[in-house]
Amino acid sequence: MVRTAVAFSPGHISGYFMKVAGESPATTGSLGAGIVIEEGVVASASAAETIEVVVGRRDTEGAVLSEASGSPPVEYALERLDVSARVETRCSLPIGAGFGLSAAALLASITAVDALFDLGMDRRGIAALAHEAEVVHSTGLGDVAACQGGGIVCRTTPGPGGEIRRFYPEEAIWAVSFGPLPTPEVIGSQAQIERIAAAFPEGCPSDLPEFFRLSRAFAGRSGLVPPEVGAVLAACDAAGVRASMTMLGRGAFATGDGAEEVFSRFAPPIPLHIAREGFRLLEVRA
Ligand SMILES: Nc1ncnc2c1ncn2[C@@H]1O[C@H](COP(=O)(O)OP(=O)(O)OP(=O)(O)O)[C@@H](O)[C@H]1O
Ligand SMILES: CC(C)(CO)[C@@H](O)C(=O)[O-]
């Protein structure tokens, strides 16, 4: 039996954000608010001669949807830890589509590798390395900070060690996805970053309706809404359904009566659940 460590991290839907460029990855990140979702990433790590990352997607019944080799952010993190391991990640949601799966993969993989080799990392250290890998690869700015815990999260200073407020509604969340939106192209464009900053709302939401209102207004002002998402949001507006765009993916998320029905007119609705806690070790199998 090969010694294997297994860890999990939730995903994250960013509702609105503003980039904060610092002197280093540690001081670079974003402000904003989002939903930490239980639909995240499981990572299994075992010792190996070289670093190998296998990225798997499975449906909710466990059937393999896709499998691919290689993940630059995760490989970067393992190189920074100076360890050789085979890491297999597993998720059900589409990658690159605004569900924060790069951050989830990093948090789960680093947590698993830490346990596998008894590296003695604490949660702050795991989050710091995951955030560094995200910023270096332009795959995220605030998702790691958000996925340290659950709930509706509002970040008022950048980085995993920044000020973070959370509340935990019970409502169901629905999403539809039309595919990826290249995160690096958006957060690497000064023009886009400036327009996003101009659209950024001040303050934190006090409840779920206010979160959706702030996110919906941000999406409309940001210039990021593609036509297919705009059509979904217009239908939600007409039906009185609270909805907004998944940042940064070509998709939408919504809550409340009518959300599933309106989404089903455009694409298969994806049920999501607000997470109650953040990344964590699941087991170590000797
Ligand atoms: N489940 C995963 N397992 C391993 N690596 C992943 C996983 N998801 C994403 N990555 C790595 O992160 C890179 C960028 O992911 P990207 O940020 O586009 O996805 P995302 O985090 O789901 O989207 P977003 O950042 O817009 O929420 C991928 O090309 C891949 O290398
Ligand atoms: C930049 C971003 C929207 C990408 O998912 C997210 O990391 C965030 O909210 O900072």
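Here's a quick tour of the two ligands in this model and what surrounds them.

This is a predicted model, where local features need pLDDT of at least 70, side-chain atom pairs count only at pLDDT 80 or more, and totals for chains, interfaces and linings use all residues. Residues are numbered from 1 along each chain as its sequence is written, chains are lettered from A and ligands numbered from 1 in the order written, and side-chain values use heavy atoms, with hydrogens and water left out.

**Ligand 1**
- Ligand 1 has 19 residues around it, and the closest are Ser 71, Thr 89, Gly 100, Ser 102 and Leu 248; to count, a residue needs a heavy atom within 4 Å.
- By class, that shell has 11 nonpolar, 8 polar and no charged residues (Ala, Val, Leu, Ile, Met, Phe, Trp, Tyr, Cys and Pro count as nonpolar, Asp, Glu, Lys and Arg as charged, and the others, Gly among them, as polar).
- A polar side-chain atom of Ser 102 is 2.8 Å from an oxygen atom of ligand 1, and polar backbone atoms of Gly 96 and Leu 101 each lie 3.1 Å from a ligand 1 oxygen; polar contacts are pairs of N or O atoms within 3.5 Å.

**Ligand 2**
- The residues around ligand 2 include Phe 17, Arg 155, Ile 187 and Met 247.
- That shell divides into 5 nonpolar, 4 polar and 2 charged residues.

Conventions. Polar contact = N/O pair within 3.5 Å; in protein donor to acceptor, adjacent residues only side chain to side chain.
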